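Good morning, everyone. Let me walk you through one protein today. Please look at the screen.

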Amino acid sequence: MHLNKIQLICTRTAVGHGANDGIYPPGGLLTIAKAIENKFPELVIKIDDQHHKEIVIDADADLVGIQAASTLCYQNALDLAHVAKEAGKKVVLGGVA
């Protein structure tokens with residue numbers, strides 16, 4: 001699989017609110033993006049944060065990575081994964097280990 005562009009998405013909670021929702025940048029995704037950039041500098045990496053805007057799956061993205069930072073984010077992460085799959089994207093879904 002050849003990749004040109006990756007879209008990484010930080011999801012917000014579907015119920016309730018976390019104490020710091022949207023205050024800090026998505027550190028996990030920034031770390032992943034930097035590691036990918038170091039290994040594959042030709043890749044375009046876009047990070048979207050659902051705390052700050054509604055997410056649109058990027059038409060040019062070859063791969064969509066979705067972060068579920070807690071169980072409160074699972075429904076939004078699953079919903080976005082479904083939309084991305086319906087758009088024909090490869091999807092990676094993950095969260096806190």
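How many disulfides does the structure hold? The structure holds 0 disulfides, a disulfide being a pair of cysteine sulfur atoms within 2.5 Å. Take Cys10. Cys10 is in no disulfide, and its nearest cysteine sulfur belongs to Cys73, 6.9 Å away.

A word on the source. This is a predicted model, where local features need pLDDT of at least 70, side-chain atom pairs count only at pLDDT 80 or more, and totals for chains, interfaces and linings use all residues. Residues are numbered from 1 along each chain as its sequence is written, and side-chain values use heavy atoms, with hydrogens and water left out.

Now the layout. The protein has 2 helices and 4 strands. These are DSSP runs numbered from the N terminus: helices are H or I with at least four residues, strands are E with at least two. From the N terminus, the order is β-α-β-β-α-β.

Next, burial. Buried means under 20% relative accessible area, exposed means over 50%, and partly exposed is in between, with a 1.4 Å probe and protein chains only. Of the 97 residues in the protein, 35% are buried.

The largest one has 12 residues, including Ile9, Ile55, Cys73 and Leu80. Strand 3 (63–68) and helix 2 (74–86) each supply at least two of its residues. Helix 2 gives the most, with 4 residues. A second, separate core has 8 residues, among them Leu8, Cys10, Ala33 and Leu43.

Let's talk contacts. Contact means heavy atoms within 4.5 Å. Among contacts between residues at least 6 apart in sequence, 78% join residues at least 24 apart.

Start with Gln50. Gln50 sits in the loop between strand 2 (44–49) and strand 3. Is Gln50 buried or exposed? At 5% relative accessibility, Gln50 counts as buried. Gln50 touches Cys10, Thr11, Arg12, Ile55, Asn76 and Leu80. Ile55, in turn, is in contact with Gln50, and also with Gln7, Ile9, Asp48, Asp49 and Leu80.

Gln67 is another buried one, at 16%. Find Gln67 in strand 3. Its contacts include Ile9, Cys10 and Gly94.

Now Leu72, in the loop between strand 3 and helix 2. Leu72 is partly exposed, with 36% relative accessibility. Which residues does Leu72 touch? They are Arg12, Thr13, Ala14 and Val15. Leu72 and Ala14 are 58 residues apart in sequence, yet 5.8 Å apart in space, C-alpha to C-alpha.

The protein exposes about 6000 Å², and carbon and sulfur atoms supply 58% of that. Accessible areas come from the Shrake-Rupley method with a 1.4 Å probe; for residues, only the protein chains shown count as cover. Leu93, in strand 4 (residues 90–95), is partly exposed at 41%.

Note on methods:
Core = buried A, V, L, I, M, F, W, Y, C linked by side-chain atoms within 4.5 Å. Lists of a residue's contacts leave out its neighbours within four places in sequence.
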